[in-house]
Amino acid sequence: MAAPNSISKTVSILIILMSFLCTKAFSQCEDATNNPCNNKSKALPLKIIGIAAILITSLIGVCLPLITRSIPALHPDRNLFVIVKAFASGIILATGFMHVLPDSFDMLRSSCLPADSPWQKFPFAGFVAMLSAIFTLMVDSMATSLYTRKNNAIVDADGGELGEEQAVINGTGGVHVHGHHHGPLKGAIGEQLLRYRVVAMVLELGIVVHSIVIGLGVGASNDVCTIKPLVAALCFHQMFEGMGLGGCILQAKYKTLKKTIMVFFFSITTPFGIALGIALSKTYKENSPSALITVGLLNASSSGLLIYMALVDLLATDFMGPKLQGSIRLQIKSYAAVLLGAGGMSLMAIWA
Ligand SMILES: [Zn+2]
């Protein structure tokens with residue numbers, strides 16, 4: 001009894017999916033005013049339900065890795081923590097490669113842009129993504145070298161001071177020496193943590209563009225037939241992406257207030273996009289040249305950033321780090337987690 005039921009369910013989901021893809025392909029450029037599914041008054045309540053549903057699922061997704069902190073097996077020193085991080089990194093990588101980059105290619109090569117414009121003659125999406133990856137590397141390396149230099153200067157100064165203080169101690173029995181003892185050690189730990197924090201924040205910015213844009217699409221559409229399946233897909237999308245971001249927020253070890261701000265900021269992006277789309281639905285046309293170019297360029301730059309950060313700052317850092325280099329077994333488990341995260345997020349690319 002259950003098997004035929006689930007098969008028919010799968011088939012109907014596939015049909016909904018195909019029809020969604022087809023309507024999307026046919027309604028290119030033109031105003032879909034003669035679409036029988038268009039119904040503004042019926043679409044609005046659906047969108048409002050969508051805002052609430054996506055807000056809740058985003059919150060669940062992003063909080064899931066954070067809540068697991070209370071589970072002893074997920075303590076930062078444990079193996080499971082490394083595997084959860086690998087899973088999160090896979091999600092971020094797939095967001096860049098499978099969601100944001102293809103979107104920007106679609107937009108900047110759209111047939112709705114004039115046929116003789118430079119957009120049709122040069123793959124700007126790939127070009128901007130590449131420049132953005134190089135730029136991210138530049139900021140990464142320069143910020144690190146500046147920070148290291150500053151830190152070394154402090155350590156050197158500490159060394160000098162320590163010598164002077166030593167002399168003072170010998171003379172008067174000093175009290176100032178405390179706090180300088182573990183200067184260099186503290187600096188090393190601080191640098192890694194600072195890196196994690198910068199990574200978490202930049203990743204959030206990279207993800208935000210995509211989250212707002214997909215929300216904008218729902219908000220601006222009045223197509224009652226596609227809103228329901230699209231909102232359902234976006235719920236999964238945001239939950240999964242939230243898990244990826246949550247994993248990165250987890251390793252940044254933020255204080256509660258900052259963590260709350262990051263969680264809140266991520267969770268409201270897609271609902272905000274929908275609200276913005278509703279407000280702008282008269283003027284905003286998804287397929288107008290200006291919207292295509294602006295959003296396409298934003299997507300291209302955030303895809304370069306996401307891909308660079310996922311590969312270099314998240315995956316390479318962990319896999320080349322001492323913990324994973326010490327155990328082939330753990331490496332294999334972590335690669336499975338990366339593939340699972342990347343595969344799951346790639347699957348979401350079918351819908352949004
Ligand atoms: Zn997506």
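Analyst: The account below begins with the model itself and then turns to the core.

This is a predicted model, in which local features need pLDDT of at least 70 and side-chain atom pairs count only at pLDDT 80 or more, while totals for chains, interfaces and linings use all residues. Residues are numbered from 1 along each chain as its sequence is written.

A nonpolar core is a set of buried Ala, Val, Leu, Ile, Met, Phe, Trp, Tyr and Cys residues joined through C-beta atoms within 7 Å. A residue is buried if 20 or more other C-beta atoms lie within 10 Å of its own, exposed if 12 or fewer, and partly exposed in between, with C-beta atoms placed from the backbone. The largest core has 74 residues, and the members touching the most others are Ile91, Ile92, Leu203, Leu234, Met309 and Ala310. Two or more residues each come from helices H2 (40-67), H3 (79-108), H4 (124-172), H5 (183-220), H6 (224-252), H7 (256-279), H8 (289-319) and H10 (328-348). Helix H3 supplies the largest share, 14 residues. Helices here are DSSP runs (H or I, at least four residues), as strands are (E, at least two), numbered from the N terminus.

Leu203 touches Ile92, Leu245, Cys248 and Met309, leaving aside residues up to four places away in sequence. Such a contact requires C-beta atoms, placed from the backbone, within 7 Å.

Confidence is given by pLDDT, the predictor's score for each residue from 0 to 100. The chain averages 81, and 79% of the residues score at least 70. Among the elements, H10 has the highest mean pLDDT (95), whereas helix H1 (residues 2-26) has the lowest (51).

Terms used: Contact = placed C-beta atoms within 7 Å.
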